[in-house]
Amino acid sequence: LMLLDQAESGSAWLILSRHSGEVLASSGDVSAPRPFGSTLKPFLLAGAATTPTVAPRVGDQEWACGDVVPAAMRAPEAVLLSCNGYFLDWAE
């Protein structure tokens with residue numbers, strides 16, 4: 001189950017067959033363009049020897065990852081919130 005959420009298009013969800021990639025069920029505007037990075041985040045963490053604590057950039061759209069963003073974000077919160085800003089700042 002992949003939960004997709006954007007303020008402009010509302011919530012959407014999509015269930016795919018892991019074997020064939022066939023769409024088994026969906027709801028909402030699943031055809032709206034979405035960033036693909038969320039599927040890569042767990043693999044980046046799994047391959048990392050260490051992960052940083054990153055200070056969010058308040059007001060930056062990349063850090064719009066929930067109603068309450070902690071003053072210092074760690075990897076578990078970044079994955080839970082699917083926070084692109086954490087991973088982009090970590091890459092820098």
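Throughout these legends, contact means heavy atoms within 4.5 Å. The structure is a predicted model, in which local features need pLDDT of at least 70, side-chain atom pairs count only at pLDDT 80 or more, and totals for chains, interfaces and linings use all residues. Residues are numbered from 1 along each chain as its sequence is written, and side-chain values use heavy atoms, with hydrogens and water left out.

**Figure 1. The overall fold runs β-β-β-α-α-α along the sequence.** The protein has three helices and three strands. Helices (H or I, at least four residues) and strands (E, at least two) are DSSP runs, numbered from the N terminus. Of the 92 residues, 22% are buried; here buried means under 20% relative accessible area, exposed over 50%, and partly exposed in between (1.4 Å probe, protein chains only). The exposed surface comes to about 6,500 Å², with carbon and sulfur atoms supplying 59% of it. Areas are from the Shrake-Rupley method with a 1.4 Å probe, and for residues only the protein chains shown count as cover. Take the contacts between residues at least 6 apart in sequence: 29% of them join residues at least 24 apart.

**Figure 2. Lys41 is a buried lysine without a salt bridge.** Lys41 belongs to helix α1, which spans residues 41-46. The nearest side chain of opposite charge is that of Glu62, 11 Å away; Lys and Arg count as positive and Asp and Glu as negative, while His and the chain ends are not counted. What does the Lys41 side chain join in a polar contact? Its partner is the side chain of Ser82, at 3.0 Å. A polar contact is a pair of N or O atoms within 3.5 Å; within protein, one must be able to donate a hydrogen and the other to accept it, and residues adjacent in sequence count only if both atoms are side-chain atoms. Setting aside residues up to four places away in sequence, Lys41 touches Ser82, Cys83, Asn84 and Phe87.

**Figure 3. The largest nonpolar core brings together ten residues.** Its members are Leu45, Val54, Trp63, Cys65, Met73, Ala75, Ala78, Cys83, Tyr86 and Phe87. Helices α2 (75-80) and α3 (84-91) each supply at least two residues of this core. A nonpolar core is a set of buried Ala, Val, Leu, Ile, Met, Phe, Trp, Tyr and Cys residues joined through side-chain atoms within 4.5 Å. In soluble globular proteins, nonpolar side chains tend to be buried together. Val54, one of the core residues, touches Trp63, Ala72, Met73, Tyr86 and Asp89, not counting residues up to four places away in sequence.

**Figure 4. Met73 sits in the loop between α1 and α2.** Met73 counts as buried because its relative accessible area is 0%. Beyond residues up to four places away in sequence, Met73 touches Pro52, Thr53, Val54, Pro56, Trp63, Cys65, Ala78, Leu81, Cys83 and Tyr86. The C-alpha atoms of Met73 and Tyr86 are separated by 7.4 Å, with the two residues 13 apart along the chain. Tyr86 is also among the buried residues of α3, together with Gly85, Phe87 and Asp89. These buried residues pack against α1 and α2.

**Figure 5. Arg57 forms salt bridges with Asp60 and with Asp89.** A salt bridge is a side-chain nitrogen of Lys or Arg within 4 Å of a carboxyl oxygen of Asp or Glu, and the count comes to four. Between Arg57 and Asp60 the closest N and O atoms are 2.1 Å apart. Arg57 counts as partly exposed because its relative accessibility is 32%, and Asp60 does so at 24%. For Asp89 and Arg57 the N to O distance is 2.5 Å. This pair links distant parts of the chain: Asp89 in helix α3 and Arg57 in the loop between α1 and α2, 32 residues apart. At 17% relative accessibility, Asp89 is buried.

**Figure 6. Glu77 and Arg74 meet in a salt bridge of 3.2 Å, N to O.** Both residues are partly exposed, Glu77 with a relative accessible area of 25% and Arg74 at 43%. Elsewhere, salt bridges that share partners join Arg57, Asp60, Glu62 and Asp89 into one network.

**Figure 7. Ser17 lies in the loop between β2 (10-16) and β3 (23-27).** Ser17 is buried, with a relative accessible area of 15%. The side chain of Ser17 reaches the backbone nitrogen of Ser20 at 3.3 Å. Apart from neighbours within four places in sequence, Ser17 is in contact with Glu22 and Leu24.
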